[in-house]
Amino acid sequence: RFVPRRWLHLGPGSDSQPTQVNGGTYFRATDPVAAIDLEGRMYLNTLNARTSDFGLADITISRTEDQGETWSSPQVVFAAPDAQVFPDKNWMTVNDIAGSPTQGRLAVTFTTFTSTATGASTGNNLRCATSDDQGRTWSAPSFITPTGSSNQGTQPLFLPDGSLFVSYIRFLSQTSFRVESKTSSDGGGTWPTNSVTIGDVPFPWDDPDTRDGTFLISAALARETGTLFVTWTFSSSNTARIAVTRSDDGGATWSAFRIPNEFAVGRSAFNPTVSSSADGQTVTVTWMDTRNTPPEGSHVDMYASTSLDGGVTWSPDFRISDRTTDVRLSQLTSRGYMLGDYYGLAA
């Protein structure tokens, strides 16, 4: 059994006090994303509520240089100017590829939901802010997608040449989306007008019992080769299927997707996450799976499948969790029981 040497926390005694629970100013901190740079600094990126109703929000970064013993105060990456701009689904990456032109750069990508003063939606576009001083100061956020467009769920990754790749989804309707990507040649400062289509999802999969990440994807980079992998879920013949595709040219073109999970009617699979070894040969996808659900329903396990040839062929599914979880123990929302939209996986 693995026992961690230190628990990573931002509680009493830490220099960082993000929420009112431990002396900070924010009403709530959510959507955490973590990263580590080449010097061993750890970063925590969160979305924080400036008001009790979450009508105003900040995206912040906290930093530790002593393996989590102490933390910096939250540094603001983006502050919503008013209630007509709401940031969401922040994600962070750090360029930890030695010798890269943008080595050490931090990038935070996020969605901004915009509306009129009367509450009418005017779009949800994607933006990117970068820092070259360990998160102390941040650039003005650049626009990845044009204002007025409808997008969500960025996954940024630095490539070996210093460019910044971002995959995301673009809504085609209220019930369908397209997986797209763009690559910023200057590491997050400017973005091309045209996007690359990774895959169309006319029929997304949504678990009937849980609030899952139906419209969210996961991406991974093979650090030595620059090979990219992206995964998502979709529905086919009333079954939940996981798609995995790869790019060997920095996101310019993508392979036909493979399906690693074993699917059957009545079995749900959702919230997939992908990770790759440095050489791009060992690729693993994990997901939540309902195949062991008892007669009363609403139970999940964690399953995985591994490829040893760069995503061409996949192993039989194998179970990671040591017990089946009753999702009804979690928070009930209008979309089902809240298990979360995504989680981390590292090779």
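Visitor: Leaving aside neighbours within four places in sequence, which residues is Ala 29 in contact with?

Guide: Contact here means heavy atoms within 4.5 Å. By that rule, Ala 29 is in contact with Thr 19, Thr 46, Leu 47 and Asn 48. Before we go on, note that this is a predicted model, where local features need pLDDT of at least 70 and side-chain atom pairs count only at pLDDT 80 or more, while totals for chains, interfaces and linings use all residues. Residues are numbered from 1 along each chain as its sequence is written, and side-chain values use heavy atoms, with hydrogens and water left out.

Visitor: Is Ala 29 buried, partly exposed or exposed?

Guide: Buried means under 20% relative accessible area, exposed over 50%, and partly exposed in between (1.4 Å probe, protein chains only). Ala 29 has a relative accessible area of 36%, so it counts as partly exposed. Its place is in strand E1; strands (E, at least two residues) and helices (H or I, at least four) are DSSP runs, numbered from the N terminus. The C-alpha atoms of Ala 29 and Ala 49 are separated by 6.5 Å, with the two residues 20 apart along the chain.

Visitor: How many residues does the largest nonpolar core have?

Guide: In soluble globular proteins, nonpolar side chains tend to be buried together. A nonpolar core is a set of buried Ala, Val, Leu, Ile, Met, Phe, Trp, Tyr and Cys residues joined through side-chain atoms within 4.5 Å. The largest one here has 20 residues, and Ile 59, Val 77 and Trp 138 are among those with the most contacts inside it. Strands E1 to E6 each supply at least two of its residues, and E5 gives the largest share, four residues. Apart from this core lies another of 18 residues, including Leu 159 and Val 230.

Visitor: In what sense do E6 and E7 pair?

Guide: Two strands pair if DSSP finds at least two bridges between them. E6 and E7 are antiparallel, over ten bridges, and Ala 107 has Thr 130 in E7 as its bridge partner. Their hairpin has five residues between the strands, and Gly 119 there takes a positive phi near 95°. As for burial, nine of the eleven residues of E7 (121-131) are buried.

Visitor: Which strands form the open sheet of three?

Guide: The order is E14-E15-E16, with antiparallel pairing. E14 (218-221) and E16 (239-247) are the edge strands, each pairing on one side only. Four bridges join E14 to E15, and Ser 218 has Thr 231 as its bridge partner.
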